Amino acid sequence: QWTTSSIVEEQVQRISEQIGDGRAICGLSGGVDSAVAAALVQRAIGDRLTCVFVDHGLLRAGERTQVEQDFVSATGVNLVTIDARERFLDALAGVTDPEQKRKIIGREFIRVFEQAERDLKAVGDYKFLVQGTLYPDVVESGGGEGTANIKSHHNVGGLPDDLEFELVEPLRLLFKDEVRRVGLELGLPETIVQRQPFPGPGLGIRIIGAVDAERLETLRAADLIAREELTAAGLDRSIWQCPVVLLADVRSVGVQGDGRTYGHPVVLRPVSSEDAMTADWTRLPYDVLERISTRITNEVAEVNRVVLDVTSKPPGTIEWE
Ligand code: XMP
């Protein structure tokens, strides 16, 4: 029987053996897997690990701080943050097609990350690349399951063919719940370890229409309110995730304060799921829905309507794009 501490011990041992006195790079996404993989490698090789975090400007409120402050103070890891917000906004300007957005974000991400790798290689002999690959990822990519490609998934740190690094994948034998336990064992904060899934392309695929800085601000504000109220209601563990989607090209008439408004709707998409392959819409309590709706329409000027997505997956996917 594997205990969490024996998994940690064994992995730290293996990583030390693999890397020897070499140096490693790890891309952090803000998600659980890359954080736990990095924390394990940090345990094994200390400051010979450097983490790279790309701020693509499509993050939710507080996510950059969570990595820069909470993760760093829990692990003491070396972190390089790359502010690529302008670059992504420029590349996405005017693009409305979901697949095109995904491809642009994936492509820009790899370019930025590869540049960071080159910069690091120029100052030290970095031979290893840490990836938070889980057991289900291994099975899925080798399995040839023959399903249609519905969305091109962008995973932070997508691998080019001519990879110049040796991979370090300390989570390859673990399932998500084990990864969470390992994270806690390593002293990572709950905010990181219990984080709900969030797509690599971030808020870019939750704005229906073209992405720009102002729309991102609007969505970020609405999303933060929804998350605050769901957390306050103690619902974080009972829902899989709750995307908030801005219908940026839709307007409707409203009345707010003393006058007529012509604002945008946001959609709440709370779902329950085991593995995201299928999902049911979550029956959130009406009083929670009411608080979210009231706060968003009071506090986010551009939004005058909050609507609820009551579609299961299938037929609807979890994300709108
Ligand atoms: P869909 O929308 O396909 O989403 O029902 C299933 C789950 O995957 C997440 N998701 C992504 N995760 N990169 C990721 O790392 C992506 O490009 C991506 N697209 C969707 C989504 O949030 C849900 O949990």
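Leaving out residues up to four places away in sequence, Val-32 touches Val-179, Arg-180, Gly-183, Ile-192, Val-193 and Arg-195, where a contact requires the C-beta atoms of two residues, placed from the backbone, to lie within 7 Å. The model is a predicted one, in which local features need pLDDT of at least 70 and side-chain atom pairs count only at pLDDT 80 or more, while totals for chains, interfaces and linings use all residues. Residues are numbered from 1 along each chain as its sequence is written.

Val-32 has its place in helix α2, and Ser-34 is also in helix α2; helices (H or I, at least four residues) and strands (E, at least two) are DSSP runs, numbered from the N terminus. An unreviewed UniProt entry lists Ser-29, Gly-30, Gly-31, Val-32, Asp-33, Ser-34 and Ala-35 under "binding site", with positions in the numbering used here, feature names shortened, and annotations that may be inferred rather than shown by experiment.

A residue is buried if 20 or more other C-beta atoms, placed from the backbone, lie within 10 Å of its own, exposed if 12 or fewer, and partly exposed in between.

| Residue | Other C-beta atoms within 10 Å | Class |
|---|---|---|
| Val-32 | 24 C-beta atoms | buried |
| Val-271 | 23 C-beta atoms | buried |

Helix α1 comprises the 16 residues 4-19, and its end C-alpha atoms are 22 Å apart, which agrees with the 22 Å that it should span at 1.5 Å a residue, the expected span being 1.5 Å times one less than the number of residues. Within α1, Ile-7, Val-8, Gln-11, Ile-15 and Ile-19 are buried. Seen down the axis of α1, these buried residues fall within an arc of 95°, so they line one face of the helix; the arc is that of the directions from the helix axis to the C-beta atoms. The buried residues of α1 pack against β1 (23-28), α2 (32-45), β4 (126-130), β5 (166-168) and α7 (176-185), whereas Ser-5, Ser-6, Gln-13 and Glu-17 are exposed on the other side of α1. Just after this helix, Gly-20 takes a positive phi of about 60°.

Val-271 belongs to strand β10 (residues 271-272). Leaving aside its neighbours within four places in sequence, Val-271 is in contact with Ile-239, Trp-240, Gln-241, Ala-279, Asp-280, Trp-281, Thr-282 and Ile-318. Between Val-271 and Asp-70, which lie 201 residues apart along the chain, the C-alpha separation is 27 Å.
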